Amino acid sequence: MSERLLEGDNPTRAYVAEAVSSGRRNVPLEVNPALASLSAFLVESGDGELVIRFTAPRTATQGNGVVGGGTLASMLDIGMAMAVLSRLTPGYTCSTISLTVNMQSAGQEGHYIAVAGVDRVGRQVAFAHAKLYDAQRSRLIANATSSLAVIPVRP
């Protein structure tokens, strides 16, 4: 791999890929503002899936006390992107092309667990899926699928 390509790597991809390949658990994912805003942690990885804990802050709740659908969709989208990033080679990144989210039940302020996996990584497009649970993983909040463009990082 050329030095130019390594210098142009996505730091989030590199961080997540290293954490997954080394089997690290409970890794804070504060490598970009989207992850930091949801207090994301890589809880564990294995069997081709990532388990990520998110925290929905009070600022994400609507007037009726439930977390807004956009915040829940972001958790699923980020989970799937992290799963794809963990499988990409240095110098590549991904960007969501399409996102389909199905809400199953209302969520409250607090912790959530996303279980995200990769269905396939092609030369130009990757496909992923995720489920979002409450903190105890006893209630399914939402599920999603997405396709993501696989693109070289621009130097």
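Visitor: Where is S146 found?

Guide: S146 belongs to strand β7. Helices (H or I, at least four residues) and strands (E, at least two) are DSSP runs, numbered from the N terminus.

Visitor: What makes S146 buried or exposed?

Guide: Buried means under 20% relative accessible area, exposed over 50%, and partly exposed in between (1.4 Å probe, protein chains only). S146 has a relative accessible area of 5%, so S146 is buried. Not counting residues up to four places away in sequence, S146 touches M80, S98, L99, A126, F127 and A128; contact means heavy atoms within 4.5 Å.

Visitor: How do you know what may be read from this model?

Guide: This is a predicted model, in which local features need pLDDT of at least 70 and side-chain atom pairs count only at pLDDT 80 or more, while totals for chains, interfaces and linings use all residues. Residues are numbered from 1 along each chain as its sequence is written, and side-chain values use heavy atoms, with hydrogens and water left out.

Visitor: What is the mean pLDDT of the protein?

Guide: The mean pLDDT is 93, and 95% of the residues reach 70 or more; pLDDT is the predictor's confidence in each residue, from 0 to 100. Over residues 1–5, however, the pLDDT is below 50, and this stretch has five contacts in the model beyond near neighbours in sequence. Where pLDDT is low, the predicted coordinates should not be read in detail.

Visitor: How do you know that the buried residues of α2 are on the same side?

Guide: In α2, T12, R13, V16, A17 and A19 are buried. They cover an arc of only 165° around the axis, and therefore lie on the same side of α2; the arc is that of the directions from the helix axis to the C-beta atoms. An α-helix has 3.6 residues a turn, so residues three or four places apart point the same way. The face turned away from the buried side of α2 carries the exposed residues P11 and S21. Among the elements that cover the buried residues of α2 are β3, α4 and β4 (92–103).

Visitor: Which residues are in the largest nonpolar core?

Guide: A nonpolar core is a set of buried Ala, Val, Leu, Ile, Met, Phe, Trp, Tyr and Cys residues joined through side-chain atoms within 4.5 Å. The largest has 39 residues, and those touching the most other members are I52, F54, M75, M82, V84, Y112 and L132. The element that gives the most to this core is α4, with ten residues. Leaving aside neighbours within four places in sequence, L132 is in contact with residues including L72, M75, Y112 and L140.

Visitor: What makes β1 and β4 edge strands?

Guide: The open sheet has seven strands in the order β1-β2-β3-β5-β6-β7-β4, with antiparallel pairing. β1 and β4 each have a single partner strand, so one side of each is left without a neighbour in the sheet, and they stand at its edges. β4 is joined to β7 by eleven bridges, and T93 has I151 in β7 as its bridge partner.

Key: Pairing = 2+ DSSP bridges.
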